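Let's take a walk through this model together, one stop at a time. Have your viewer open and follow along.

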Amino acid sequence: MRVGVLDGRAVLVRGDRAADVRWASRGRLHPDPMVLLQRWDDLRAWAPSLPDHAYDIDVDPAALQAPVPRPRQVFAVALNYPPHAAEAGFSPPEEPLVFTKFPACVTGPHTNVALPPGKVDWEVELVAVIGAETYRVSEDHAWKAVAALAVGQDLSERVTQLQGKPAQFSLGKSFPGFGPIGPVLVTPDELDDPDDLEITGLLNGEVVQQDRTKSMIFPVPELIARLSAVLPLFPGDLVFTGTPAGVGNRMNPPRYLTDGDELVSRIEGIGEIRQHFTVGAQQPAGS
């Protein structure tokens, strides 16, 4: 099942066509994707019965909005791929290194991002979306807590991120537009192996990051189990699971995003998101 958002309403997506969830369900299911995530099991039980003719909306990829527009909690994991830890000058961590991105930074899959002053970097990531209230789940059962997967970018302004002792990770990674996700939510059963997906980041058409998610030090089930051991997770919570090697601040010389750059983030079986960067007045990004 693939779920997107058009004009603020949840839709089921099949190829280049979509079905409006509320209309197709005759009001049984809510059009707000945040409400729908709280009834994810109902949606999954109903969706297979939807006939082909219900998919009566043409999908323009550029019109898709954030599939999770108002997450309650947004977690992110640092140094979760060994090559990225190595390029940053660290040994692979023995425990997940968790920080937060503030929810106001979350935006849709096709956006224009106004660059703030500083050094803005890219980090393509697999994002796990929680689909049920979850507390102290075991690793063996953690996939059941995941509603879907999405592509994400953990955009990072390195000056703000690294200033001070301790550093300001959450602030440096939460400027407007710094948490694009999408293009849609894809349930794990849609994927041959949700633990092993090719992940790629391209800058102006050039591959700058590429790996497979099986390389993660702490895979999705372990991250969910470890987070839920500390605090409850809620429907719609996002977990940015870490980035592969190839970020700009570790290049020689360093490369940061500039006016006119285009960033494409792609994950096998899920799709791609696309960001354009401009220099100008910083405004909150739309969904």
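Arg26 is not a glycine, yet its phi is positive, at about 55 degrees. Most residues other than glycine have a negative phi, and most peptide bonds are trans.

Pro166 belongs to the loop between helix 5 and helix 6. Another cis bond links Gly182 to Pro183, and its omega is about -5 degrees. Pro183, for its part, is found in strand 13, which covers residues 179-186.

A word on confidence, since this is a predicted model. The protein chain averages a pLDDT of 96, and 98% of the residues score at least 70. Residues 283-287 are another matter: pLDDT stays under 50 there, and the model has 11 contacts beyond four places in sequence for this stretch. Where pLDDT is low, the predicted coordinates should not be read in detail.

Now zoom out to the annotation. The unreviewed UniProt entry places a feature called "domain: Fumarylacetoacetase-like C-terminal" at residues 74-277. Over that range the chain is 12% helix and 36% strand, and the end C-alpha atoms are 23 Å apart.

Next comes the largest pocket, which holds about 300 Å³ of space. Its lining counts 21 residues, and those nearest the centre are Leu79, His84, Ala88, Gln161 and Phe169. Which elements each supply at least two residues of this lining? They are strand 5 (74-78), strand 6 (97-100) and helix 5 (158-162). Helix 5 gives the most, with 3 residues. By type, the lining of the largest pocket divides into 10 nonpolar, 5 polar and 6 charged residues.

Phe169 also leads us to the last stop, the aromatic rings. A search of the whole structure finds 2 aromatic pairs. In one of them, the rings of Phe99 and Phe169 have centres 5.3 Å apart and planes at 70 degrees, so the pair is edge-to-face. Phe99 lies in strand 6 and Phe169 in helix 6 (residues 169-172), so this pair ties together parts that are 70 residues apart in sequence.

Note on methods: Residues numbered from 1 in each chain as written. Predicted model: local features only at pLDDT ≥ 70, side-chain atom pairs only at ≥ 80, totals over all residues. Heavy atoms only, no water. UniProt positions renumbered as here; feature names shortened; annotations may be inferred. Helix = DSSP H or I, 4+ residues; strand = E, 2+ residues; numbered from the N terminus. 1 Å grid on protein atoms, 1.4 Å probe; cavity = no way out; pocket = protein on both sides within 12 Å on 5 of 7 lines; lining within 4 Å. Points joined across faces, edges and corners; volume = space filled by probe spheres on them. Nonpolar A, V, L, I, M, F, W, Y, C, P; charged D, E, K, R; others polar. pLDDT = per-residue confidence, 0-100. Contact = heavy atoms within 4.5 Å. Phe/Tyr/Trp six-rings, centres within 6.5 Å; stacked < 30°, edge-to-face > 60°.
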